[in-house]
Amino acid sequence: LEVIGAVEPRVAAAIRAELADQRAALKLIASENYASPAVLLAMGNWLSDKYAEGTIARRFYAGCANVDTLETIAAEHARTVFGAAHAYVQPHSGIDANLVAFWAVLADRVETPALERAQARHVNDLTDEDWAALRRELGEQRLLGMSLDAGGHLTHGFRPNISGKMFDQRSYGVDPATGLIDYAMVRDIAREFRPLILLAGYSAYPRLINFATMREIADEVGAVLMVDMAHFAGLVAGKVLVGDHDPVPHAHIVSTTTHKTLRGPRGGMVLCQPELAEQVDRGCPMVLGGPLPHVIAAKAVALAEAGTPAFRDYARQVVDNAAALADGLLRRSVALVTGGTSNHLALIDVSIYGLTGRQAEAALLDAGIVTNRNAIPRDPNGAWYTSGIRVGTPALTTRGLGTGEMDQVADLIHTVLTHTQPTAGSKARYTLDAALAAKLSQSAADLLAPFP
Ligand code: PLP
């Protein structure tokens, strides 16, 4: 920070403040974690200066021997940790990983002259006419994913996202009574819609998915099964999700982020069956530009960590902690979508307190608890204000908090929700007594103090 501060003190100050914030507050955002010092240091170095477009041993630049080494190590670890036939570790983020996966499936499964023409050239050389032909050909392809309000991700065909524009898109929701995926309904929609890609995975679904059943449905309608395991990759690596709940043996292609439960650097990755490997490796230049060698190095470190017995203990504890947090909330009559959790996250329905998710999120932050608002199934408040709060345990578990502390976390959340008043006529404004908020923040800090 001294070196950075000598150049731009405000940047050093903001980094220092971020560390202080992340230390002081209860981090319950289900998609966040604390990467290890080894992961962070692998990112902050000279690898950042290197261009290495292409794939291992087939680069468009000279001098890529070290990047080849790192990418080989990262891909080896990924294949071992997940038991995958092929791993592509270049995507810069989860959204990039999904785009790489979509394009790989399109290129493999769809015969389109426009796509072939496009792939033969660099993306910058494509003319307006080429793009129009591509849109005509590819817009006819169908994607079936989980709807946003049921817990799916915006890259799973949500209209404002490119995935909703690239594909003729349809979505499946959850059973209105239970909040659970209704596989019979998924099957019915798939039979009628006949998608090219059946996409499973979520950002805010608090239960497990049966990927064997999803594969059966995909096979029945001739679809490719793609799983976006961004949220639960750490639970797969840590062998908490096995058998029908492990996507890797069932899916044709699996995308993920590397920074959530997996506890690596911000980034993405694609795993696939051998027949899709060649197309997946064309992620650069079809979707990606130069890889981020420093992030690939950090992915290699994080994946090495994910293969250890300690990481298995961690993954198990994440799920135990989530169950304890959900129990603590339910005992205090806090409403949870699906009535609990089977993974690393729970979804609180805050509407019974007359609050929107936005109000609850802000009030919780005042009390030193960092969460995010989230739509619940058939949410009357939409995706901006929402009626839900998503809570997850990956970050607190990394700090060493256990099931005993989770009950105290539940108590703090319950106190905030029951003492926050919505402002009449507003979906954003609220009041929470400042002295109470300060007292709760202090309790949160005290709870965290033994876990620096
Ligand atoms: N897929 C899922 C299921 C996610 O939850 C997310 C992030 O929230 C993404 C993809 C996108 O990841 P990124 O933010 O790295 O683009």
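**Reading burial, contacts and a ligand shell**

Student: Why does His153 count as buried?

Tutor: A residue is buried if 20 or more other C-beta atoms lie within 10 Å of its own. His153 has 23 C-beta neighbours inside 10 Å, so it counts as buried. Keep in mind that this is a predicted model.

Student: Where is His153 placed, and which residues does His153 touch?

Tutor: His153 sits in the loop between β5 (142-146) and α8 (162-166). Setting aside residues up to four places away in sequence, His153 touches Tyr202, Ser203 and Asp228. Ser203 is also listed among the closest residues to the ligand.

Student: What surrounds the ligand?

Tutor: The shell has 13 residues, and the closest are Ser93, Gly94, Ile95, Ser203 and Ala230. By class, two residues of the shell are nonpolar, ten are polar and one is charged.

Student: Where does UniProt place the feature "binding site"?

Tutor: The unreviewed UniProt entry gives Leu148, Gly152, His153 and Leu154. Leu154 is in the loop between β5 and α8. Apart from neighbours within four places in sequence, Leu154 is in contact with Leu148 and Asn161.

Student: Is Leu154 buried, exposed or partly exposed?

Tutor: A residue with 12 or fewer such neighbours is exposed, and partly exposed lies in between. Leu154 has 17 C-beta neighbours inside 10 Å, so it counts as partly exposed.

Student: How many residues of helix α14 are buried?

Tutor: For α14, 13 of the 14 residues are buried, so the helix is largely enclosed by the rest of the structure. Helix α14 covers residues 293-306 and reaches 20 Å from its first C-alpha to its last, close to the 20 Å expected at 1.5 Å a residue.

Technical notes. Residues are numbered from 1 along each chain as its sequence is written. This is a predicted model: local features need pLDDT of at least 70, side-chain atom pairs count only at pLDDT 80 or more; totals for chains, interfaces and linings use all residues. A residue is near a molecule or strand if its C-beta atom, placed from the backbone, lies within 6 Å of it. Ala, Val, Leu, Ile, Met, Phe, Trp, Tyr, Cys and Pro count as nonpolar, Asp, Glu, Lys and Arg as charged, and the others, Gly among them, as polar. UniProt positions are given in the numbering used here, feature names are shortened, and annotations may be inferred rather than shown by experiment. Helices (H or I, at least four residues) and strands (E, at least two) are DSSP runs, numbered from the N terminus. Two residues are in contact if their C-beta atoms, placed from the backbone, lie within 7 Å. The expected span of a helix is 1.5 Å times one less than its number of residues.
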